[in-house]
Amino acid sequence: MTDMVVTGLGIVVPGVAKPTQALDPVPAHSPGWFDVAAALPGRGYRWLPPACQYLLAAARSALEDAGDPLAGLPVERRGVVVGTNNASMALMDRMDRTIIDADAAELSPLSAPFFAMSLFASRLSTEHRICGFNLTVNTPRTAGLDALQVGARALAAGRAELLVAGATEEVLPAGEPGRQAGDVGAAVLVCEPLARVAERGATGYGVVRTRAAFLVPGAAGVPVSPVDVSPVDVSTMDSSWAEVCGAESPSVEAVLDDSPVGAAVQSWLAAQRAAVTFTTARAGCLTPLRRLVGLLATGAVDRVVLTAGAEGNVALTRLRPCAANTRDPAGS
Amino acid sequence: MTGRRVLITGLGAVCCLGTGVEAFWRGLCAGGGHAEPLADPHAHMRSPLMYQVPLPDVPAEPRRLGHVRLGAGPRMGVAAAHEALTDAGLDPQARRRLSVVLGVELGNADMHERRRSSAATRVDPRRGSDEVGALSCPEDGGRWVPLTVTAPAVAAALGATGGAVSLGDACAASGYAVGFAADTIRAGAADVVLAGGAEGISRVSVGAFNRLGAADPVRCRPFDRHRRGTVFGDGAAMLVLESAAHAASRGRVPYAELGGAGWSCDAYHPTAPEPEGRQVVRAMRDGLAEAGLAPEDIGAVVPHGTGTPLNDAVESRALRRVFGDRCQRLPLLSLKAMIGHTGGAAGAFGCLAAALMLRHGRVPASPPLEDPDQECAVFVPQQASVPLSPSAVLVNSYAFGGNNVSLVLAGRQGPR
């Protein structure tokens, strides 16, 4: 388990102009909400899949916000971890329909490689010459928070000194369950070990620590009713909570759905008597990270962001204030 | 980091060579499997070849995870995971605490693809005819159905509660999963982690490689002068990683020690490797350094070796830079020529093969190269197996976007 200081924030979601607005309600998005030419001036961006454009734009903002943290840092000491569930779902849907209705020869050679969702993060690494590592996390719902855990572990293992971590999602294709309430956009955090932050005289929004857990969503092979929470054993939540919070009882920002797992976590939270703010989870892994960015940007850093997916994945991220060099939230 | 040593104490596999680790090893020693055209009538493409798991070896269960219907990839993942845990002899308490880290790129893609092609009159018998067109269970029909549900499906089937993280680094995904799992154990955050990968058949992935001119219409022919790309395979490979202290407390004899891993990214091009292979070399050297080994301590290599013209040439040159003239006698196992390119599961299959080579002390012969490529100055044993000496194996796993991971497995004597 390791802690990281968040030194930069970037966000690209509909209706949000800057990280301090990331806690605002999510408006319905309309086509054209993202202006790629304005967000990413220059050649070579227009043909990229939307989720890649969102990610690149959010990362630019986050790195600028962090005060050019890549300056002087060898390319081998930089790492990227990006969470996504749906970045290429619409593209794969189009590709598959082309193969079914015509032939693979009709696919676009420019977009075809992006069926591999790792290419979204890889494009980010190419953009900023990040050679330490480049990871993609695709755990259902928790991938955004998992990216922080995976990245923190890599920093602790000495695989890099700076982490660009984030999540990016695109609208699901027509006919896909969850399309109407799907995540769209990207959120990016620049994270560094405390020692490096002090060394370069940077300021941080807060310190993050993430832990993953798993709740078995009912007996294998047994249909689970959406309103039946009895099969979900939440007893391991206590130890997961203790690992990120110790004996503390911070307020909780919970991003949950109405699945048996989501309902079980909600019941567990009620039993903890914790102060909880609930946000309805959307299809994808962006909303928990969006809430995290909003909390950090507004200085609400004594919190836990918790999310769970219907498939059983759970992630908790503990936010704490920086011991020193705390960033002025108003400056975000 | 606590510096704890990480051992491999359990293995599981399903691939074109059959079900189980014994079938896998026996198949490797017999020269591997064969690519066949997909039975999918909707796979309109020049070369729809894959190294496919035999139909009787595709498990029928589990059929669902909560509201999500599961396809062949997650089912094979569950089967291989059960085998690995049984092999490791973990007790119920350890199973409950278990963490799962899988590398999965396309996961449940075949179920999504089935839905798209469900209007057709012909149904691929391999994919089954039941409930065609449905992604989620009727009683929960409107809920989002994620693509990569294999890690939670495996954790649920095992009753594991220590987290179920899914990494999606394309063809290097499970190599990174093994590396991340080892880091987790070394840091003292877990005693036992199940790491691996699983992929089913994906029409989209095979079609994309066709469009990119990277699908060989004959077979997977790494290091052959006439190679024309890769040929995918489906399957699942799982490894139980365990701290040395935990394994010792149970009296387990490991297959191998996972000595170290090197990670890097080319940051160069969406699909092509950086021609000089600088980051590929760095990953290998970092993996060796982390394991406390020198190049001369390595007895064999399981290369990434996809059969893609540029990839094999770059990897061969990188091996030459790391191992020098010893490349002429350092045996390679051309695994993808035997089971195909298993995508996100490829790195785990490489580690599985390496662990078995260490257990048996031999490097199986790979399928014959009809015309060895002079641009690939490597030694691929083809006539007969060769002894593995020294007792350590390097496994390379690379992916689109220049994502590289090299893993070092050492025999029971340990690298340090």
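**Ground rules.** I am working with a predicted model, where local features need pLDDT of at least 70, side-chain atom pairs count only at pLDDT 80 or more, and totals for chains, interfaces and linings use all residues. Residues are numbered from 1 along each chain as its sequence is written, while chains are lettered from A and ligands numbered from 1 in the order in which they are written.

**Domains of chain A.** I looked up the assignment for chain A and found domain 1 (4–199) and domain 2 (206–322); such bounds come from an automatic or database domain assignment. Their centres, taken over C-alpha atoms, are 22 Å apart. Domain 1 of chain A puts 36 residues into the contact and domain 2 of chain A puts in 32. (I call two residues in contact if their C-beta atoms, placed from the backbone, lie within 7 Å.)

Which element gives the most to the domain 1 side of chain A that touches domain 2 of chain A? It is H5(A), with seven residues. I sorted that side of domain 1 into 19 nonpolar, 13 polar and four charged residues. (Ala, Val, Leu, Ile, Met, Phe, Trp, Tyr, Cys and Pro count as nonpolar, Asp, Glu, Lys and Arg as charged, and the others, Gly among them, as polar.)

**Chain A against chain B.** Here 66 residues of chain A meet 76 residues of chain B. H3(A) gives the most to the chain A side, seven residues. (Helices are DSSP runs of H or I, at least four residues, and strands are runs of E, at least two, numbered from the N terminus.) By class, I noted 39 nonpolar, 18 polar and nine charged residues on that side.

**The core.** The largest nonpolar core has 265 residues, and B:Leu239, B:Leu352, B:Val393 and B:Leu409 have the most contacts inside it. (Such a core is a set of buried Ala, Val, Leu, Ile, Met, Phe, Trp, Tyr and Cys residues joined through C-beta atoms within 7 Å.) Helix H12 (residues 346–360) of chain B gives the most to this core, 11 residues. Both domains of chain A also give residues to this core, so it lies between them.

**One residue up close.** I picked B:Cys351, which sits in helix H12 of chain B. Is B:Cys351 buried or exposed? B:Cys351 is buried, because it has 32 C-beta neighbours inside 10 Å. (Buried takes 20 or more other C-beta atoms within 10 Å, exposed 12 or fewer, partly exposed in between, with C-beta atoms placed from the backbone.) Not counting residues up to four places away in sequence, B:Cys351 touches B:Val178, B:Leu239, B:Val395, B:Leu407 and B:Leu409.
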